[in-house]
Each structure stands twice: as C-alpha cells, then as structure tokens.
Amino acid sequence: MRQSKILAPTIKEIPSDTEVISHQLMVRAGLIRKVASGLYTWLPVGLKVVRKIEAIVRSELDKVGAQELLMPVVQPAELWQETERWEKMGPELLRFTDRHNRNFCLGPTHEEIITDIFRNEIQSYKELPCNFYQIQTKFRDEVRPRFGVMRAREFTMKDGYSFHLDQACLNSTYQEMYRCYENILSRMHLKYRAVEADTGNIGGAESHEFHVLAETGEDLIAYASEGEYAANIDKAMAASPPDRAAPSEQVNQVKTPGIKSIDQVCKFLDLEPQNVLKTILVREKEEKIVAFVLRGDHELNEVKAGKILDTRLPLKFASDQEIIESIGCEPGSIGPVDLPIPYFVDRDAAALSDFTCGANKEGFHLTGVNWQRDIPIENDKVVDVRNIVSGDLAPENQGELKLLRGIEVGHIFQLGTTYSAPLKATILDEKGKKVSPLMGCYGMGITRLVAAIIEQHHDEGGIIWPEPVAPYQLQIIALNYQKSSAVREASEKLYRALIKLPIEVLLDDRDQRPGVKFAEADLLGIPHRVILGERGLSEGFVEYYDRSNADPNGEKIEVTKVIEHLRDSVGRIPSPIE
C-alpha cells in the first residue's frame, strides 16, 4: 500500500478528550475517529489490526472445532422476557419499538438467541457437544463511555456458546476454551493473567476472566505470591481469619461528640482501625434497609454485597434521613449492638473480640464489645463482603495476596441451565428422556484487544505493534521520493520485490520532510522499517530499523543484500492456521 493513497490522518498533539495512552495513540495514528460518545469509526489502518486479531481468534477456535455463525444485532423482546432479563439488564440494554409497535433491543450479548437456535434445531444427545461462536457488533448503553474503545458503547466482540449433556463434558470444553484463550493472547505477544471471576449479569457458576496487565486497567486482580491462586477483586478471597478470641473486656459506653469517621474514632480513643467496626446501610431490591458490618480498615465490595442481596448494581446506599428513621441516629454512630434491621457481618469483622463500634446513639460509641455475648451472630450471616488488600494471606497457604491492574479482554462462564431451562431448550438423552442441556459461554473483546495491545506495546514515540497483529509488516521510508529519481526507482523496485515474497509493505511515497516521516513512522509503529536516501544509495546501502529495538542507530544493509536480509528479518506473514 502507498501511504500517499491511504486514509491515515495523523495528529501531532494529544487530543484533549483522551485519557489513556491507547486512546491517545489510536486517535493520533489515525486508527479511529469519534462519531459520538462511545461510538467510533475504524479507519483503514485500524481496521487492518482488527482483522488481524479476528484471524488469530478464528484460527484458534477452528482448532477446537468451534463453528462460526452470525446472529442479528437486533433482538426481539420476547426472548429476553422468557429469561426475565428484559428488566434485569437495566438501562445498559437499549430498548426500542419498530413501526408495528413491537419491542426490540440492540444485543449486548446473545445467550437468548443462541439458545433459541438450539431449541429449534437440535433434538438429540448424539449431536452434543456442540460449540458455536460469532464475531459481531454489540451495543451496551454505558452510563459513562471512556478510554476510547476500551469502554465504548458499540464494539466488536467474539462470543461463543457450547451445549453439553453432562457436567463432565462441559468441564472438558471449558478447559479446552481456557487453553484456547491462552493461545490467542500468547500469539498476540501479550502479558496476561487468567483469574477467577464473578459471573455478573450473565449468571452461571464457574467463571474466569483473562486480563492483559496494564497500569491503566480498570480492574484490580489479586494473585498469590507462592501459588496459582488468582482472582478478580470482586471474587478474590483472603485466607480465613483466625478463630475469635474469648472476651476479656466489658462493654463501656463512651462519649464521642462530633466524631463521625473511623479515622476520627481511632484518633479520639487511641485505637487502631482494625479494632473498630463500621456499619454500612444499603437498600435491598424491595427497598428494605440492610446493614453490612466490616472492620474499620476494610472496604465494602459492592459486587459481593449485591450477590448476597441478589440486587442489581450499583448498590443504593441509605440516605441520612433513611438512617435516622431506621436506626434513630445519624451516620457515624451506627453499630451492630441491638441493631433494629437485618445485618450481615464480614468474616474478618466476625473474628474480632473486644472491639469498638457505634452505640446507635448520637455522639456515643461502645468499647469492649464481643460477638454472641453482646451481639447475636448466626453462621449464615457471616459472609465475605470486603475488598482484599495487598498483603492479605492467600488461601491454602499460598503466601500473600498481591494486586495488579488489568484490562479484561476475555471472560468464560459455566452457565449450567441458566438459559436452557427458562427457554425450555431440551434434548433427548440416551434413555429418551427430555433434559435441559448445560451451557458454556466464552466472550472476547476484539476491538478492546486493540487498545490492550497498545497499552502494553508503546514508547514515547508511539505504537510498537507485535508483528502478528501489525497493520503492515514493513514500512519503506523513501526520503525525497518526489524529487529524487534514484530514491524513487530504488524504493519502487524494493516495494515490488517485497510484495512478491509476500511481505505486507507500506511505502511512504509522500512529499514530506524526513522529520515528519520519521515521527509518523514511530507513531504508526510498523515492526520493521527500511529507509532509502540519496546519500545512502550512492554509497550502496539502505538503513534497517526494528521498531521494538531501542537502538536509535539502526543497521546499514548493502543494497544488493537487502531482500535477503528482509526475508530473514521480517519473514512471511504468519499463517492464520498456526
């Protein structure tokens, strides 16, 4: 491709509405252009990267026997109503009516559609297991689109679904897809971690997320320093706390005038926050007020709390007025002693003895409080509801928990019969009995992967594409192409020869100053670069640069040996079946 002919508009300055480096570089390098909040047009160079990623994903899925199909973006409300997700999905599900006043939505996911296909087309266990996937446009009406294509409203996603007669079969395919995702991310030269995860709105049982490691990642992931344990922060658990010690103090009510926060209580009473309890009030889905009790040095995890209450996120916290009406005091003096509303206790808080908490009386706290003696606590009310912190002991003696930031690019689930049962999808088993098949679900963000790759592969100059996903393998920079016949003839000859190898080549034949060409080449990040100039050609050499090599001097190659050198350095285009 000739650079003078391709639509690749570059921008020198960092756009003011971009936050993370991937968004900045994608806009500056001319990969995308914003249409509206969370909506982007993919320009030719950006789309080439998307297609490279799709090719890798397809090739690995072909190896495990997954079948590609294509389902509609627009979905009828009736299917979503059968699974009761029409309302549960909340405002992220963009609903609309057609000219006949029938209800539809733009698909954020396709569990209902694929299960409908299954129930209409597959009847016998002999046709199982089966594994289907698509690469399709999705739409989720994000409340706050951000970070460019990382959190867009419209995006391209690979989603897959498998159907099974029994759990053993589902487990086998799940592990196969787990390895498939590892292979996909490894082929893109990404550093990643697979972690245990919450199932979210999709539902089901076992679930794993695949995170590309990056400081700009939205997600926190925890991993054990001496073992294999790894989990998303919304799923991560520390080791069980030690058994609760016997009481050694008596309850004492103390005045704490104007004291509201944990820090203020600790300073006023000379205490450590891990020995003080805080009580957080939230509204359940029936608008009832429920309390969560945690140690003062711990934070409530809303996803864990939402699971316990079976309520949609984000959590609705009780207002000051609701707290006064429910407890009889303002926030800051609430505690679990004689608490007149239902409460759950985080297991680390439940392991404390002789602790301090609010007295449910304005301007007072209680010290020397103990569970069971002063506050009844039932086993089913002791829960894991806090965020883990770096340094917590990992489960099963695997050292300490450490935290990393990651960009979620893949998520796999064991759905069980979450969708097949309500949609009445059944098959006949070996005994001729109708049973609901077990399902697996496997998602991967195609367009999000573009941003994730850039987050890991860039420098001050711009993008550094890993060769398997690069829009072009090699860029020829012809200096003074328009005015020098020697440069023009040599670059054209080299361009034609490389195309025949075949090597994907971008020829910079534009009438631009060398400094502009070099800066934009760094920005675009093609893995290999050859520079042709009049002086070098007169001395019989060209310059070769590897974009991933920090050496700014490059390498001089004899003109007569440049094809041989590039054949060895660049090689051929990786085959989609590798």
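Student: How many bridges join β18 to strand β19, and which way do the two run?

Tutor: In this predicted model, three bridges join β18 to β19, residues 364-369. The two strands run antiparallel.

Student: Which sheet do they belong to, and in what order do the strands lie?

Tutor: The order is β13-β19-β18, an open sheet of three strands with antiparallel pairing. β13 (252-255) and β18 (355-358) stand at the edges. Each has a single partner strand, so one side of each is left without a neighbour in the sheet. Neighbouring strands here are turned by 30° against each other on average, direction ignored.

Student: Which ring does Lys361 lie over?

Tutor: Lys361 lies over the face of Phe364, at 4.5 Å from the ring centre. Another charge over a ring involves Arg193: its charged end sits over Tyr223, 4.2 Å from the ring centre.

Student: Now the sheet of five strands. What is its order, and what is the pairing?

Tutor: The order is β16-β14-β15-β17-β20. The sheet is open and the pairing is mixed. β16 (316-317) and β20 (382-383) are the edge strands. Each has a single partner strand, so one side of each lacks a neighbour in the sheet.

Student: How does β17 join β20?

Tutor: Two bridges join strand β17, residues 343-346, to β20, and the strands run parallel. Asp346 has Val383 in β20 as its bridge partner.

Student: Which helix packs on this sheet and touches β20?

Tutor: Helix α8, residues 302-309, does. Besides β20, helix α8 touches β14 (277-283), β15 (289-295), β16 and β17. Its direction makes about 135° with that of β15. Helix α9, residues 320-327, lies across β14, β15 and β16. Helix α9 runs at about 105° to β14.

Student: What about β28: which strands do bridges join it to?

Tutor: Take each side in turn. Four bridges join strand β27 (528-532) to β28 (541-546), running antiparallel. There, Val530 has Tyr544 in β28 as its bridge partner. Four bridges also join β28 to β29 (555-558), again antiparallel. In that pairing Phe541 stands opposite Glu558 in β29.

Student: On to aromatic rings. What describes a pair of aromatic rings?

Tutor: Two values: the distance of the centres and the angle of the planes. By the rule used here, the count comes to six aromatic pairs. Take Phe118 and Phe163. Their ring centres are 4.1 Å apart and their planes are at 10°, so the pair is stacked.

Student: Which parts of the chain does the pair of Phe118 and Phe163 tie together?

Tutor: Phe118 lies in helix α5 (111-121) and Phe163 in strand β8 (154-164), so the pair ties together parts that are 45 residues apart in sequence.

Student: Are Phe118 and Phe163 buried or exposed?

Tutor: Phe118 is buried, with a relative accessible area of 2%. Phe163 is buried too, at 0%.

Student: How do the rings of Tyr181 and Phe210 pair?

Tutor: Tyr181 and Phe210 form a tilted pair, 5.3 Å centre to centre with 55° between the planes. Tyr181 lies in helix α6 (167-187) and Phe210 in strand β10 (207-213), so the pair ties together parts that are 29 residues apart in sequence. Tyr181 counts as buried, at 0% relative accessibility. Phe210 is also buried, at 0%.

Student: Which cluster do the ring pairs build around Tyr181?

Tutor: Ring pairs link Tyr178, Tyr181 and Phe210 into a cluster.

Student: Where is Arg51, and is it buried or partly exposed?

Tutor: Arg51 lies in helix α2, residues 44-63. Arg51 counts as partly exposed, at 46% relative accessibility. Arg51 and Leu507 are 456 residues apart along the chain, and their C-alpha atoms are separated by 21 Å.

Student: Last, the confidence. What pLDDT does the protein chain average?

Tutor: The average is 92, and 97% of the residues score at least 70. Over residues 573-578 the pLDDT is below 50. Beyond near neighbours in sequence, that stretch has 16 contacts in the model.

Key
Residues numbered from 1 in each chain as written. Predicted model: local features only at pLDDT ≥ 70, side-chain atom pairs only at ≥ 80, totals over all residues. Heavy atoms only, no water. Pairing = 2+ DSSP bridges. Axes fitted to C-alpha atoms, helices over the stretch in contact; angles between N-to-C directions. pLDDT = per-residue confidence, 0-100. Contact = heavy atoms within 4.5 Å. Phe/Tyr/Trp six-rings, centres within 6.5 Å; stacked < 30°, edge-to-face > 60°. Buried < 20%, exposed > 50% of the residue type's maximum accessible area, 1.4 Å probe, protein only. Lys NZ or Arg CZ within 6 Å of the ring centre and 35° of its normal.
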